[in-house]
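Before I jot anything down, let me put the sequence and the model up.

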Amino acid sequence: MSLLPELRYPSVPELVASARALAGERPGLCALRQVGVSRAGRPLHLLSVGHAPRAVLVVAGAHANEPAGGATVRFLAERTVRERALRDGVSWHFLLCADPDGASLHVTPAPRSLLDYHLGFYRPAGPEQPEWSPSVLPPDRLPPETRALTTVIDEVRPYLQVSLHGTDLGGTWVQLTRDIPGLAEPFAKSAAELHIPVEAGASDAAGWPASGPGVHVMPAPGAGAAYPSMPDDARHSTWYHAHRHGGLTAIVEVPMWASDLVGDPAPHPAPAAALGRIAHRLRGDALLVEEILAEARPRLAGHDDPLLRAALWTLALVPGLAEDWVRTTPADTTMAYVGSVDAFARRLPLRAAAMLLRVLRDAGDRAAPRLERLVVRWSESFARRFHARWVPLHDQVEHQARTVVTAAQQARETLD
């Protein structure tokens, strides 16, 4: 069991204060500096520990609704200062939050339920996400957060970049831009010790080769996408920027609420039919949100904010994605994969509804109560369908930190 105390998700100011205190305690070893500003003028901070030329870069806060990474970064920074062996020939660099603007809009730092989580939900539209924007925008339109991140990568030249992500409900998995031999076994062992299911058929990695349960290796550029309609491609994200310097990237996902339904590797008896039903439900759920939006839209004339843009972007994904699930051969035929797709299909309209609800509430719009009923019903149904159980935050952090350290050690062995 974990020896860490129960924690809460830290805010960005708290992360910066912790990093500043650490740098003040060990000024010869640690340095905190500003490496850019957000679109709204918020600073982006990098904490560096050690001076070795071989570097590991750890990125937190790339998605505003995935707050575990901030707690993990704080824990890892303190651990690398405390444990000299981790700094043997390696320097560590921690981007405390890649999207501070987004973090300011996601307002559930200690959710008690999926409903609580969604009532304060925010996740930016794809073009506004620091890691994803290069896959959908030309270079001259990239947001400043993305430019700051790629500048740090070019400066640090990490042999390993780790991006800390999380899912609301499901299991844990890792995505790699190149394989790291030896990672899969300790990853699975850590998950088992902490009672976190391994998401063996993650829909985010549909069709990717796996080097072990829950450890997925991205296909080479040019390989066909499992979901042709999706507007972005991970192979054009900032994850691949480390390859310019001979490095690779690991994306470590950990759930807030766990579900054993996404860890079942048994064959599904009828995966294509199941995906067809899921697609049908997705279309119907999205239509309910769109009807409320259409009724309220005239009263929102001239209203443009990140929440509304994100809700519209999320709804725009639905038709193509539903068509992908109906028209293409299933990328995987396991119970785990069908469960992961089911969760994905519940997540999209719920997120759109939750963000639109915040817009309507702020505007005092009369359509808000009707939309709130949807958010309540879908949140409760999501938790009930997947038998959701809370993963203590110290377990989220410990598993993510263990995976980062193991990936750094195993990736370095491939270089030596």
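Which residue lies over the face of F386? I looked, and R385 does, at 5.3 Å from the ring centre. My rule for a charge over a ring is NZ of Lys or CZ of Arg within 6 Å of the ring centre and within 35 degrees of the ring normal.

**Ground rules**

I'm working with a predicted model, where local features need pLDDT of at least 70, side-chain atom pairs count only at pLDDT 80 or more, and totals for chains, interfaces and linings use all residues. I number residues from 1 along each chain as its sequence is written, and side-chain values use heavy atoms, with hydrogens and water left out.

**Helix 7**

I take helices (H or I, at least four residues) and strands (E, at least two) as DSSP runs, numbered from the N terminus. Helix 7 covers residues 271–296, which is 26 residues. I get 38 Å from its first C-alpha to its last, close to the 38 Å expected; the expected span is 1.5 Å times one less than the number of residues.

Next I checked burial: buried means under 20% relative accessible area, exposed over 50%, and partly exposed in between (1.4 Å probe, protein chains only). The buried residues of helix 7 include P271, L275, I278, L282, D285, V289 and L293. What covers the buried residues there? I find helix 8 (306–327), helix 9 (335–363) and helix 10 (368–385) among the covering parts.

**Salt bridges**

Side chains of opposite charge can pair when their charged atoms come close. I call it a salt bridge when a side-chain nitrogen of Lys or Arg is within 4 Å of a carboxyl oxygen of Asp or Glu. By this rule I count 23 salt bridges.

I noted D260 with R389, whose closest N and O atoms are 3.0 Å apart. D260 sits in the loop between strand 9 (248–258) and helix 7, and R389 in strand 10 (residues 389–390), so this pair ties together parts that are 129 residues apart in sequence. R389 is partly exposed, at 32% relative accessibility.

D304 and R309 also meet in a salt bridge, at 3.3 Å from N to O. Here D304 is exposed at 55%, and R309 is partly exposed at 29%.

Then I turned to D342 and R346: are they buried or exposed? Both are buried. Their closest N and O atoms are 2.9 Å apart, and both residues lie in helix 9, four residues apart, about one turn of the helix.

I also wrote down a network of salt bridges that links E295, R299, D365, R366 and R370.

**Aromatic rings**

I pair rings of Phe, Tyr and Trp (its six-membered ring) if their centres lie within 6.5 Å; planes under 30 degrees apart count as stacked, over 60 as edge-to-face and the rest as tilted. How many aromatic pairs does the whole structure hold? My search finds eight. One of them is Y117 with F121, edge-to-face, at 5.7 Å centre to centre and 70° between the planes. Y117 is buried at 0%, and F121 is buried at 0% too.

W132 and W239 form an edge-to-face pair as well, 5.2 Å centre to centre with 65° between the planes. This pair links distant parts of the chain, 107 residues apart: W132 is in the loop between helix 4 (114–119) and helix 5 (144–156), and W239 is in the loop between strand 8 (215–217) and strand 9. W132 is buried at 14%, and W239 is buried at 2%.

I put down one cluster too, formed by Y117, F121, W257 and W390.

Q129 lies in the loop between helix 4 and helix 5 and is buried at 3%. Its side chain reaches the backbone oxygen of P124 at 2.8 Å. I list that as a polar contact: a pair of N or O atoms within 3.5 Å, where within protein one must be able to donate a hydrogen and the other to accept it, and residues adjacent in sequence count only if both atoms are side-chain atoms. Contact in general means heavy atoms within 4.5 Å. Leaving out residues up to four places away in sequence, Q129 touches H63, R123, P124, T146 and W313.

E253 lies in strand 9 and is buried at 5%. How far from the C-alpha of E253 is that of H165? I get 4.7 Å, though the two are 88 residues apart along the chain. A polar atom of the E253 side chain lies 3.3 Å from the backbone nitrogen of G166. Beyond neighbours within four places in sequence, the contacts of E253 include H165, T172, W173 and D204.
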